Amino acid sequence: MDLPAESPVKMRGCSRGRNQIDPASEQPFPIRIRIPGYHDSPPILEDPNMRASVTARPRTRNLTLGLILTVVMAGLVLLLGAASSQAASNQLSAMQDDGRLENADPGIRDTALDEMQALGVDVVKLGAFWRRYAPNPESESRPSVDLTDPASYDWAQLAPAVDAVIARGMTPWIMISAPGPDWSTKKSTASTQEGVYLPDVKLFAQFAEAVGRKFPQVKILSIGNEPNFQYWMWPQMGKGLVSISGVHYRKTYIAAQKALVRAGHGDSTILFGGLAPRAFLPKVGQRATQPLRFLRDFFCLDEKLKPLKGRPAKLRSCSGRYSKIIASGFAYHPYTVAAGPGIRPTDRDDAPIAYLKRVYRVLDRAAALRRLSKRRIPLWNAEFAFQTNPPDINQSRLAAVPAFMNTSEYLTFADRRVMNYMQYQLFDEPLNTDFGLTDSKRYGGFQSGLRFADGEKKLEVYRAWQMPLMVLKGRGNRVTIWGTRRAVSDAPEVEIQYKDGSDWTTVATVPPIATAGYFKQSVSVAGANSKTWRLKSGDVYSRQAKSVKAPKASSK
C-alpha cells in the first residue's frame, strides 16, 4: 500500500472560525495543520486468539451508571455451534453533531435525532460551550449574578436537545468546555478564538456547577475539549518544555469535578481529558501538545513515568502532595491521519486509535502512584471519524473510509477498556465556496459526516456505520465474520453472504438475539479467503469486503 509520508489532517477542535498553524513556518493560516512525523509503514495486522462462542452486546437506552457498568462488564453469550468464536468486548454506540442538535431550528434537531435513533445510537454527545451559554460573553466585566445558578445562563439550544435525546430513549452526554466569556480570561486570543487564554478556574467551576444543577438527569459528563490544542486552551508550551495547558487543565478539572459533585452528580460518570491524539515536536510557543506529554505534566511525571522532583516539579505546580484526580473514565479523541488506522506515528508521545496502550501506560502509572482514583480506568471515545475526499481534497479517499471505520471499530471492540465507538457528525459541515478547490479556506468545517452537507448519503460510509463488517483471514477455506446490526430493520436476523458470480449466496444466518450486539462467526466455503463478503438484514446491507488479517492494536 503506497501511503504518503505525511498526510494533511485537520486538528479537530471546532470549525467555528478557527485559525490554525503551519508547523513548517509557525505562521497562522485559516484552516489546516499538516502533521509531521508519520511515515509509510504496513498496517498493524495480526491474527488474534479466536474464542469458542459468540458474545452479543446488548443495545441499551437511558443508561444509568449501574446499567452502563452492567453493559460493559457482561455480554450476552450465545452459542452458534462449533464454527463460532467469542467476542468478549462490549461497547456502546455514540454520535455527536452539535451543529444540528443544538440548532435554533427544532425541526433540524428533531430530524437529526430521529435518524440517530434509527441508526441504533445509544449515547448522544452534546457540547456545553461556556462562551455560548454565558451571560454577556463579549463583555470584559463580570456580571453581578450568581454564576452557579442555572438561571444566570441561556440554555435555549442545549436544554431542548437534552430533552429530545431522552424522549427518544437515548442517553445524553454533556461535555463542559471552553471557550469562556471575555470576562473569564486575562488576554485576548483572537488569533485562535476568544476565551481560551487560561480561563479562570473558579469561574469555570461555577459554570460546571450550573450545568450540573440544570441537568440532574444527565449522568455522563466530561470536562474539557482538546485542552492540548491551542483552539481550546492557550498557551500550550512554555519554557523548560512545560505543558502550561496540562498544568492549567489539572487545576480546572479538579475544581470542575468538585463542582459537579456539589451539584448532585457524585454518582454520575465524570470524565477528564478529551485530548487530541497528536501534535508537533515539543518547543516553546507551539500550538498543540502531544497527548502523552500533556498527561505526564498533568500527573507530574517525568519521561520515565517517575514522580517529578525539584525544579521540574515546581515549574509544573507539583511541589507538595499531589491532589488525586477523581474520575470515572478518560475521554479521548483517537483520530488517525488521512491514510487510516494502519499508519504508525513516529512521535512516541502521539497516540491514534491503534496505539491506545501508550495512553494506558501513563494512566495506569498514575493510578499506581495514587494520582488517579481508578486502576485500569475506562477510556471513552469522545470524538472520532474520518473526513472524506470528496468533498475535502486533502482528506481520506471516500472509497477507503468504510474499511477505515470498520477496522477502527474492530480495534476498540477488541479493547476491553474502551466504552464506546463514536461517529463525529451525521452531516458534513458546509464548504466555503467563495474559495477555490485548492484553497484551504474552502474546507473550514469538518467533512466527517455520514451524509454530505446537502443531505446526500455517503452510501458506503453510511452502511459502514449501520452494519459494520470485518472479514478475517483463516486457514484453508475458513474466514471469520465480525459485525453488528445497528440499523432498524424489518428483518432482525443478519445473513452472511458471499458473491458468487453476479449472485449472492447466504452461508449462515445470525439469529435475532445475537444481532442485539456484536457477533463473530467462523464460516467455511471453498475459496473463502478470496471471495467478496457482505451482511444483509432485510433491506439493509453492509459494505462489501474481502478477508484481511485481523487488526490488532500496537503494544509499542
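**Charges, burial and backbone geometry**

Lys 309 is placed in the loop between helix 8 and helix 9. The model is a predicted one.

Q: Why is Lys 309 called exposed?
A: Exposed requires over 50% relative accessible area. Lys 309 has 67% relative accessibility, so the residue counts as exposed.

Q: Which residues form a positive surface patch together with Lys 309?
A: The patch is formed by Lys 304, Lys 306, Lys 309 and Arg 365.

Q: What makes Arg 262 and Glu 209 a salt bridge?
A: The criterion is a side-chain nitrogen of Lys or Arg within 4 Å of a carboxyl oxygen of Asp or Glu. The closest N and O atoms of Arg 262 and Glu 209 are 3.3 Å apart, and the pair forms a salt bridge. Arg 262 lies in helix 7 (residues 244-262) and Glu 209 in helix 6 (residues 201-214), so the pair ties together parts that are 53 residues apart in sequence.

Q: Are Arg 262 and Glu 209 buried or exposed?
A: The limits are under 20% relative accessible area for buried and over 50% for exposed. With 54%, Arg 262 is exposed, whereas Glu 209, with 12%, is buried.

Q: How do you know that Arg 293 forms a salt bridge with Glu 303?
A: The closest N and O atoms of this pair are 3.7 Å apart, and the cut-off is 4 Å. Arg 293 belongs to helix 8 (residues 291-298) and Glu 303 to the loop between helix 8 and helix 9 (310-315), 10 residues apart. Arg 293 has 10% relative accessibility and therefore counts as buried.

Q: What joins Arg 109, Asp 110, Asp 114 and Arg 168 into one network?
A: These residues are joined by salt bridges that share partners. A search of the whole structure finds 17 salt bridges.

Q: Which residues does Thr 509 touch, not counting residues up to four places away in sequence?
A: Thr 509 touches Glu 493, Val 494 and Glu 495. Thr 509 and Lys 536 are 9.4 Å apart in space, C-alpha to C-alpha, and 27 residues apart in sequence.

Q: Which residues of helix 5 are buried?
A: In helix 5 (residues 158-167), the buried residues are Leu 158, Ala 159, Ala 161, Val 162, Ala 164 and Val 165. They pack against several elements, including helix 3 (106-118), strand 6 (123-129) and strand 7 (171-177). Gly 169, whose phi is positive, near 80°, follows helix 5.

Q: Where are Arg 370 and Gln 425 found, and are Arg 370 and Gln 425 buried or exposed?
A: Arg 370 lies in the loop between helix 10 (356-368) and strand 13 (379-381), and its 65% relative accessibility makes it count as exposed. Gln 425 is found in the loop between strand 16 (420-424) and helix 12 (459-466). Its relative accessible area is 2%, and Gln 425 is therefore buried.

Q: What is omega at the cis peptide bonds that join Asn 389 and Pro 390, and Pro 390 and Pro 391?
A: Omega is about 5° between Asn 389 and Pro 390 and about 10° between Pro 390 and Pro 391. Pro 390 is placed in the loop between strand 14 (388-389) and strand 15 (396-397), and Pro 391 is in the loop between strand 14 and strand 15. Most peptide bonds are trans.

Terms used
Residues numbered from 1 in each chain as written. Predicted model: local features only at pLDDT ≥ 70, side-chain atom pairs only at ≥ 80, totals over all residues. Heavy atoms only, no water. Helix = DSSP H or I, 4+ residues; strand = E, 2+ residues; numbered from the N terminus. Buried < 20%, exposed > 50% of the residue type's maximum accessible area, 1.4 Å probe, protein only. Patch = residues over 30% accessible without salt bridge, like charges linked within 9 Å, V, L, I, M, F, W, Y side chains within 5 Å. Areas by Shrake-Rupley, 256 points an atom, 1.4 Å probe, with all protein chains shown as cover. Lys, Arg positive; Asp, Glu negative; His and termini not counted. Charge placed at Lys NZ, Arg CZ, Asp CG, Glu CD. Contact = heavy atoms within 4.5 Å.
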